[in-house]
Amino acid sequence: MVRTSSPHSRVHVVLVPGFAGFDALGQLEYYAGVTPQFAAWKLAGGQPREHVVLHYFDNFPTAAVATRATRLRAYLAKRIARGEFLPGDSLALVGHSTGGLDIRYLLWELALSPDKSYPADGMTVPAKTILESLSRVVFLSVPQ
């Protein structure tokens with residue numbers, strides 16, 4: 001797989017919802033207020049924040065953890081294959097409730113078979129590539 005480097009490394013913060021979670025359902029937002037708070041934080045200055053990108057992962061709200069983790073892996077692999085996540089970029093996965101269980105299952109699966117590759121947009125993305133992109137995992141109210 002050939003990937004090009006980003007001129008400025010970015011941090012991609014991926015929010016992973018829990019059971020019955022969704023990005024938005026009509027006017028009801030799972031992460032209500034996060035986008036404006038994130039925008040305010042980026043404008044507040046201090047450290048360089050222009051290279052931080054927020055992503056909302058939309059999963060099956062009531063599926064099993066293994067199914068949801070597989071979808072999360074496919075989501076990450078697709079963004080790597082498309083060049084949205086580049087070498088030098090880092091991923092921060094933030095799991096709320098059972099979204100944290102999805103992340104934990106994903107990490108276990110990737111670490112178990114780091115040489116395995118997954119199809120994504122006509123390419124393959126090695127588990128090792130996904131693992132090496134991860135810099136942070138944050139659990140919020142996760143039933144561990």
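Leaving aside its neighbours within four places in sequence, which residues is His55 in contact with?

Author: First, the ground rules. This is a predicted model, where local features need pLDDT of at least 70, side-chain atom pairs count only at pLDDT 80 or more, and totals for chains, interfaces and linings use all residues. Residues are numbered from 1 along each chain as its sequence is written, and side-chain values use heavy atoms, leaving out hydrogens and water.

Now His55. Its contacts beyond four places in sequence are His12, Val13, Val14, Leu15, Tyr75 and Phe85; contact means heavy atoms within 4.5 Å. One of these partners also makes a polar contact: the side chains of His55 and His12 meet at 2.8 Å. Such a contact is a pair of N or O atoms within 3.5 Å; within protein, one must be able to donate a hydrogen and the other to accept it, and residues adjacent in sequence count only if both atoms are side-chain atoms. His55 counts as buried because its relative accessible area is 13%. The bands are under 20% for buried, over 50% for exposed, and partly exposed in between (1.4 Å probe, protein chains only).

Where does His55 sit? It belongs to strand S4. Strands (E, at least two residues) and helices (H or I, at least four) are DSSP runs, numbered from the N terminus. S4 is part of an open sheet of 4 strands, ordered S4-S1-S5-S8 with parallel pairing; strands pair if DSSP finds at least two bridges between them. Strand S4 (52–56) is an edge strand, as is strand S8 (134–140), and each pairs on one side only. From one strand to the next, the twist averages 20°.

His12, Val13, Val14 and Leu15 are contacts of His55, and strand S1 spans residues 11–16. S1 pairs in the parallel sense with S5 (residues 90–96) over 6 bridges. Across that pairing, Val14 has Leu93 as its bridge partner. Leu15 stands opposite Val94. S5 is mostly covered, with 6 of its 7 residues buried. S5 then pairs with S8, also in the parallel sense and over 6 bridges. There, Leu91 stands opposite Leu134 in S8.

Next, the helix over this region. Tyr75, a contact of His55, is one of the buried residues of H2. Helix H2 (residues 65–81) lies across S1, S4 and S5, running at about 155° to S1. Axes are lines fitted to C-alpha atoms, for helices over the stretch in contact, with angles from 0 to 180 degrees between N-to-C directions. Other buried residues in H2 include Leu72, Leu76 and Ile80, and also Arg68, Arg73 and Arg79. H2 has 17 residues and reaches 24 Å from first C-alpha to last, close to the 24 Å expected at 1.5 Å a residue. That expected span is 1.5 Å times one less than the number of residues. After H2 comes Gly83, with a positive phi near 80°.

Helix H3 (residues 98–112) lies across S1, S5 and S8, at about 135° to S5.

Ser141 lies in the segment after S8. Its phi is positive, near 50°, although it is a residue other than glycine. Ser141 counts as exposed because its relative accessibility is 63%.
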